[in-house]
Amino acid sequence: MKGKKRKFRGGLMMAAVIMVISLLAGCGGNNNNAPAAEATAGNAAAASPEAAATTAPAADPVTVKLQLKWVPQAQFAGYFLAQDKGYYAEEGLNVEILPGGPDIVPEQQVAGGSADIGVDWVASLLTSQEQEMPLVQIAQIFQKSGLVLVSKKDAGISTPADLKGKKVGNWMGGNEFEILALFDKYKLNSNKDLNFTKQGFTMDQFLGGEIDAASAMTYNEYQVVLESGIKAEDLNVIDMNDEGVAMLEDNLFANKEWLEANKETAAKFVRASLKGWADAIADPEAAVDSVMKLAEEGSTTREHQLTMMTEVAKLIQPEGFDASKLGYTDAAAFQQTADIALKFGVIKTASDVNAAYTNEIVEMAAK
């Protein structure tokens, strides 16, 4: 809505400028000089193509549709902030940010042409690529996994080996593969050595003691547990990154056919988006301002979103990470994700990683 308002005001301003020019030409002291003035301007334009070019009307902004993985929250703050700060507009883009939800598959939206660029986890992209959807990753936003297993200390789960005999929850539906890789690392059979069960999208089962260890994202469900009154020191956390079984999560991907014809547009979008993410990391308060304007009323709190933004920043720009590499896809991390996906049946054949992602667009955006 804001982008449209700016465009409308810009149109009024342009109309006003044209009106003033017309009045000056028609009433500017001596009407008899008007034809001579027009001829002089025409001659000057012919003599100087550069001057003529500067008077040409600005091109209409190029529309780019971004499909999010989920509803508006700080997980996507960089895009909202880039929109609010006018970074997309500065690149000549009119970006439409489409919210996600439980019934929206970003890959399907992009493959079908309902969106140009999408946000999802890499495992989901690999599955879609195997199904021959014409998709390619153009940027990796989260450099680390946000998935952890959380348990209360009195459950006695200090290490992954302690999961034996326990009830372990996960949302399933494509979110379980890092957990399965963890089980595999510690030679735990998910059907025999423990009770691996479907977990709801709230933390009620964990808080009510129905499961011993619950899956949680560092920026969301783990914070919900803390907000419930349980102290961090009373919890044990198993981090997929520390265990070497992490899979890459939030990325940006595009339709190959669209990308082939719109590389410059894609680079402009990525450049503006990364600028928005850099600002969101530096100023979480401003980022959350942008989020709260779009979040469904009553669905969240500013405090929760501020905590989410702080935790998301740690995944996008981890400690020691070179900020100039924001958005780059790390070959080893992508390969690890693809290997885990193959091992646990996310994909049936090994991914051609060289075709699955490209850093070309990020490199163009950096110029």
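**Figure 1. Contribution of helix α7 to the largest pocket.** Helix α7 supplies four residues to the lining of the largest pocket, the most of any element. The model shown here and in the following views is predicted. Besides α7 (122-130), the elements that each give two or more residues to this lining are α6 (106-111), α10 (221-227) and α14 (302-316).

**Figure 2. Centre and composition of the largest pocket.** The volume of the largest pocket is about 1,300 Å³. Its lining comprises 45 residues, of which K69, W70, P102, N175 and F201 are the closest to the centre. Sorted by class, the lining of the largest pocket holds 21 nonpolar, 18 polar and six charged residues. Both domain 1 (62-144 + 248-366) and domain 2 (147-239) take part, each giving at least three residues to the lining of this pocket.

**Figure 3. The largest cavity and its lining.** One cavity of 30 Å³ or more is counted in the model. Domain 1 (62-144 + 248-366) and domain 2 (147-239) each provide at least three residues to the lining of the largest cavity.

**Figure 4. Packing of helix α4 against helix α13.** The axes of α4 (residues 77-84) and α13 (residues 284-292) lie 8 Å apart and form an angle of about 90°. The two helices, α4 and α13, are therefore roughly perpendicular to each other. On the α4 side the contact involves A77, F80, L81 and D84, which meet A286, A287, S290 and V291 of α13. By class, six nonpolar residues, one polar residue and one charged residue make up the contact of α4 with α13.

**Figure 5. Packing of helix α4 against helix α12.** Helix α4 also packs with helix α12 (residues 263-282), at an angle of about 105° and with the axes 7 Å apart. Because angles of 65 to 115 degrees count as roughly perpendicular, α4 and α12 are described as roughly perpendicular to each other. From α4, the residues in contact are A77, G78, Y79, L81 and A82; from α12, they are A272, S273, G276, W277, D279 and A280. The contact of α4 with α12 contains seven nonpolar, three polar and one charged residues. A77 and L81 of α4 take part in this contact and also in the contact with α13.

Key: Residues are numbered from 1 along each chain as its sequence is written. This is a predicted model: local features need pLDDT of at least 70, side-chain atom pairs count only at pLDDT 80 or more; totals for chains, interfaces and linings use all residues. Side-chain values use heavy atoms; hydrogens and water are left out. On a 1 Å grid over the protein atoms alone, a cavity is a set of points where a 1.4 Å probe fits but cannot get out, and a pocket is an open set with protein on both sides within 12 Å along at least five of seven lines; lining residues have an atom within 4 Å of a point. Grid points are joined across faces, edges and corners, and a volume is the space filled by probe spheres set on the points. Ala, Val, Leu, Ile, Met, Phe, Trp, Tyr, Cys and Pro count as nonpolar, Asp, Glu, Lys and Arg as charged, and the others, Gly among them, as polar. Domain bounds come from an automatic or database domain assignment. Axes are lines fitted to C-alpha atoms, for helices over the stretch in contact, and angles run from 0 to 180 degrees between N-to-C directions. Angles under 35 degrees count as roughly parallel, over 145 as roughly antiparallel, 65 to 115 as roughly perpendicular and the rest as oblique. Contact means heavy atoms within 4.5 Å.
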